[in-house]
Amino acid sequence: MKTVKVFVKTSLQGPCIRDGRYAAVVEYISSKGAVTREISGEEKETTYNRSVLLAIIGALDLLKVACSVTVYTDCVFVKNTAERGSLEDWRRSEWKKAGGGEVKNRDLWQQFTELADRHEIAFRFSKHNDYSHRLTELLEAGQ
């Protein structure tokens with residue numbers, strides 16, 4: 001199984017709703033050496049959590065075979081939600097929260113779980129990494 005690292009960053013931080021950009025760098029080792037692929041995008045009237053999910057989904061969508069993936073993000077909510085079993089609970093309850101309300105960003109969480117089912121995924125909290133500068137460039141290129 002190929003080992004892949006995904007580094008994500010968004011132009012948004014904290015609770016807000018505004019136009020935002022997201023970017024991800026996907027890194028893996030091929031028979032020819034280290035390979036990186038990049039994705040970026042933007043969404044109007046979005047949130048920080050939604051932007052992080054868009055970056056992760058875009059990165060996972062690049063992977064065509066089952067991989068062992070480590071996602072590096074500074075988004076504690078997305079990291080904890082994926083790690084603590086909330087997604088499986090939501091899926092079983094038809095995407096309702098324990099209190100009965102709709103799961104926010106249900107569309108993206110569903111896409112993430114479909115992609116995640118193909119891979120082994122782990123999360124690491126990371127504010128800075130080897131690609132921080134490149135991710136910032138990708139975010140600024142779209143502005």
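**Figure 1. Five helices and five strands make up this predicted protein model.** Helices (H or I, at least four residues) and strands (E, at least two) are DSSP runs, numbered from the N terminus. Along the sequence the pattern reads β-β-β-α-β-α-α-α-β-α. The radius of gyration, taken over C-alpha atoms, is 15 Å, which agrees with the value near 15 Å for a compact globule of 143 residues; that rule is 2.2 Å times the number of residues to the power 0.38. The C-alpha atoms fill a box of roughly 50 × 35 × 20 Å, taken along the principal axes. Of the 143 residues, 44% count as buried, where buried means under 20% relative accessible area, exposed over 50%, and partly exposed in between (1.4 Å probe, protein chains only). Residues are numbered from 1 along each chain as its sequence is written, and side-chain values use heavy atoms, with hydrogens and water left out. Because this is a predicted model, local features need pLDDT of at least 70 and side-chain atom pairs count only at pLDDT 80 or more, while totals for chains, interfaces and linings use all residues.

**Figure 2. Here is the open sheet, with its five strands in the order E3-E2-E1-E4-E5 and mixed pairing.** Strands E3 (33-46) and E5 (120-125) are the edges, each pairing on one side only; two strands pair if DSSP finds at least two bridges between them. From one strand to the next, the twist averages 20°. Look for E1 and E4, which run parallel and are joined by six bridges. Val 6 stands opposite Val 71 in E4.

Figure 3. Contact here means heavy atoms within 4.5 Å; axes are lines fitted to C-alpha atoms, for helices over the stretch in contact, and angles run from 0 to 180 degrees between N-to-C directions.

**Figure 4. The largest nonpolar core has 36 residues.** Such a core is a set of buried Ala, Val, Leu, Ile, Met, Phe, Trp, Tyr and Cys residues joined through side-chain atoms within 4.5 Å. Val 6, Ile 56, Trp 109 and Phe 112 have the most contacts inside this core. Elements giving two or more residues include strand E1 (2-10), helix H1 (48-61) and helix H4 (106-116), with H1 giving the most, nine residues. Zoom in on Phe 112 and you will find that it touches Ile 56, Ile 57, Leu 60, Ala 82, Leu 87, Ile 121 and Phe 123, not counting residues up to four places away in sequence.

**Figure 5. Lys 79 is a buried residue of helix H2 (residues 76-83).** Its relative accessible area is 16%, so Lys 79 counts as buried. Not counting residues up to four places away in sequence, Lys 79 touches Thr 73, Phe 123, Arg 124 and Phe 125.

**Figure 6. The loop between H3 and H4 holds Trp 95 and Asn 105.** Most residues other than glycine have a negative phi. Trp 95, however, has a positive phi near 65°, and Asn 105 has a positive phi near 60°. Trp 95 counts as buried because its relative accessibility is 6%.
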